[in-house]
Amino acid sequence: MDSSLAIALSTPVRRKSLQARVVWGGRVVTLGGDAPVRLQSMTNTDTADAIGTAIQVKELAIAGSEMVRITVNTPEAAQAVPYVREQLDRMGIDVPLIGDFHFNGHRLLTDYPECAKALSKYRINPGNVGKGDKRDKQFSQMIEAALRWDKPIRIGVNWGSLDQELLASMMDENSRRAVPWDAKPVMYEALITSAIESAQRAEAIGMDPGQIILSCKVSGVQDLVAVYRELGRRCAYPLHLGLTEAGMGTKGTVASSVALGVLLQEGVGDTIRVSLTPAPGESRSQEIVVASEIIQALGLRNFVPSVTACPGCGRTTSTTFQELTQQIDDFLREKMPVWRKSFPGVENLKVAVMGCIVNGPGESKHADIGISLPGTGEAPAAPVFIDGEKRMTLRGESIASDFQNVVEDYIQKRFGTSAERATQ
């Protein structure tokens, strides 16, 4: 082999950005700079229903959301925000709340100071802060509220609510070019210009540039990649990523994963949200599951132990390995809220659940703990490998529960404190 041949491990090199701080109580969540990429989500409850909103925020926080955005669109919603915060504090949920403001945010932040105080961050859409002479005044009122209460802001531009006066002006300017651009690049430029100029206006009013986060959300994968590449090149503000209106189910998951994966691999993005339309009856927290899987797949952070499993083929038994894989994956996710506190580092655990002898033993040896189930025509035995060595063989009808016990025992011994291990 040519000794000059080198295969480099491809790891994202983060774009250099300023660092923001989102605070609630004793908890500080840093964004940008050297901080890890953060997970964010949003409720779909009526915020005026303080109890229902607090319950959903809790669900999202337990799923792993490090910040949760809530709609603040009416006086009733603004009045409820302090009570949402109070309910969360009583439940021991210290996740920061972000207020999502459109159209009347300047009035709500001014008229309801307890709301402004209870929120940890404000989202401002420059396309919806007012028109004509009112725009600058109403935008300034929101920035002044952020300054008064020492809150960071996200200036969130969205192509569905882009400042139409700015877009029309840029279209007119484009028409006077010797060789006019196509309409789409003008739209991109309008999104980026709206975000950066709004941030500069906030700075002029007195905002610390490190407390300004930007986003330019669109619903097309290639559009999002193009806009954020250019936005990241032109500014040092932390960037929030999200494919807006991504859709439902597989479509929304795949589109978000592709768009955000490309940008994160290029080092662009400091916080992310996966905007999935929940299926009827589906938990809102599914968007956090997808977001965390994107970040974990890229090797940026680990949130839950990873489970390697084969897809199955004619060699594998019908459903045994599938059922065990699902059971172990559900078990690990269910336990993580408790394990995260009791067993530091458990999120780095690698588990393998394989369906036959072809790749089963090899994959199990590569994992921290793995099992190779018997495939079609194979002996009814399931060897278990721990730290690369075969330690036992499971047999009988209770293989699934026995392996689950083996996994839990391994976690306690490897990741527990010395005092916890002594009790085992």
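**Strands and sheet**

User: Which residues of β8 lie on one side and which on the other, and are they buried or exposed?

Analyst: In this predicted model, both faces of β8 are covered. Buried here means under 20% relative accessible area, exposed over 50% and partly exposed in between, with a 1.4 Å probe and protein chains only. On one side are I212, L214 and C216, on the other I213, S215 and K217, and all are buried.

User: Happy to hear it. Which pLDDT do local features need?

Analyst: Residues are numbered from 1 along each chain as its sequence is written, and side-chain values use heavy atoms, leaving out hydrogens and water. In this predicted model side-chain atom pairs count only at pLDDT 80 or more and totals for chains, interfaces and linings use all residues, while local features need pLDDT of at least 70.

User: Which residue of β8 stands opposite N158?

Analyst: β7 (residues 153-158) and β8 pair in the parallel sense over six bridges. In that pairing, N158 stands opposite K217.

User: In the hairpin of β1 and β2, which residue takes a positive phi?

Analyst: Strands β1 (residues 19-24) and β2 (residues 27-32) run antiparallel and are joined by six bridges. V22 has V29 as its bridge partner in β2. Two residues sit between the strands, and the one with a positive phi near 60 degrees is G25.

**Core and helix**

User: Which residues touch the most other members of the largest nonpolar core?

Analyst: A nonpolar core is a set of buried Ala, Val, Leu, Ile, Met, Phe, Trp, Tyr and Cys residues joined through side-chain atoms within 4.5 Å. The largest one holds 111 residues, and its largest share, nine residues, comes from helix α7 (residues 183-205). Touching the most other members are I153, L214, I369, I371 and F403.

User: Where in α11 does a kink lie?

Analyst: The bend at a residue is the angle between axes fitted to the seven residues ending there and the seven starting there. A kink of about 60 degrees lies shortly before the proline P337, at M336.

**Cysteines**

User: How many disulfides does a search of the whole structure find?

Analyst: A disulfide is counted when a pair of cysteine sulfur atoms lies within 2.5 Å. The sulfur of C216 is 8.4 Å from its closest cysteine sulfur, in C235, which is too far for a bond. C356 is also too far, with its sulfur 5.3 Å from the closest one, in C313. The number of disulfides found across the whole structure is zero.

Methods: Helices (H or I, at least four residues) and strands (E, at least two) are DSSP runs, numbered from the N terminus. Two strands pair if DSSP finds at least two bridges between them.
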